[in-house]
Amino acid sequence: MGAKQNRSVRDQLGGGDRRSIGRADEVAELLIRDQRSFDEAVETLFDGEAVARARAADALEKATRVHIEFLQPHGGRLIGYLATFQQKEVRWHVAQMLPRLVLKKEELVAVVHNLMTWLEREDSRIVQVNCLQALAELAVRYSVLHRRVRSLITRYGKTGSPAVRARCRRLAIRLR
């Protein structure tokens, strides 16, 4: 066990197949307990290798369910990087985290723009569903988005994949 504790977060997240979560759940538990480890996972999200980035996004999303305040200091940088995230695994987890941040007006504009771009250009149904979910959560908190997001949900509720249409039905109820 001591060897595992001495390994960096980046090392614990790397290696193996990108389709596997590896030790992301275990690392998420560490991130919940330790801001420094959380910060290292954030760095991995920005500059780690592809497998480590995907797993860092997964672990960070799980940790922010408990401690969003750990992410808030990184919010500006995260938002600044949104347009650079190309991996679908990173996008879907980042989309889940974004509504948890307290956003300034210009940050909200950037977040909505990027979520809309991912929604419209990404083939991954998971990314699409999580973008719609994130936009709906933001619309609940920021009423200025309500009409626009309801319109999107109506559109994707008619034209999206079965998974997207199913999520849109649930989101439409929430936004009534």
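Predicted model: local features only at pLDDT ≥ 70, side-chain atom pairs only at ≥ 80, totals over all residues.

**Exercise 1.** Classify the ring pair of Phe38 and Phe70, and find where its two members lie.

*Solution.* Begin with the count: there are 4 aromatic pairs. In the pair of Phe38 and Phe70, the ring centres are 5.6 Å apart and the planes stand at 75°. An angle over 60 degrees counts as edge-to-face, so this pair is edge-to-face. Next, locate the residues: Phe38 sits in helix H4 (residues 35-47) and Phe70 in helix H6 (residues 68-71), so the pair ties together parts that are 32 residues apart in sequence. Finally, check burial: Phe38 and Phe70 are both buried.

**Exercise 2.** Describe the pair of Phe46 and Tyr81, then decide for each residue whether it is buried or partly exposed.

*Solution.* The pair is tilted, with 4.3 Å from centre to centre and 35° between the planes. Phe46 belongs to helix H4 and Tyr81 to helix H7 (residues 75-81), 35 residues apart. Buried means under 20% relative accessible area, so Phe46, at 11%, is buried. Tyr81, at 29%, counts as partly exposed. To finish, note that ring pairs join Phe46, Tyr81 and Phe85 into a cluster.

**Exercise 3.** Work out why Cys131 and Cys168 form no disulfide.

*Solution.* A disulfide needs two cysteine sulfur atoms within 2.5 Å. The cysteine sulfur nearest to that of Cys131 belongs to Cys168 and is 12 Å away, so Cys131 is in no disulfide. The whole structure holds 0 disulfides. As for burial, Cys131 is buried at 0% relative accessible area, and Cys168 is buried at 2%.

Note on methods:
Residues numbered from 1 in each chain as written. Heavy atoms only, no water. Phe/Tyr/Trp six-rings, centres within 6.5 Å; stacked < 30°, edge-to-face > 60°. Helix = DSSP H or I, 4+ residues; strand = E, 2+ residues; numbered from the N terminus. Buried < 20%, exposed > 50% of the residue type's maximum accessible area, 1.4 Å probe, protein only.
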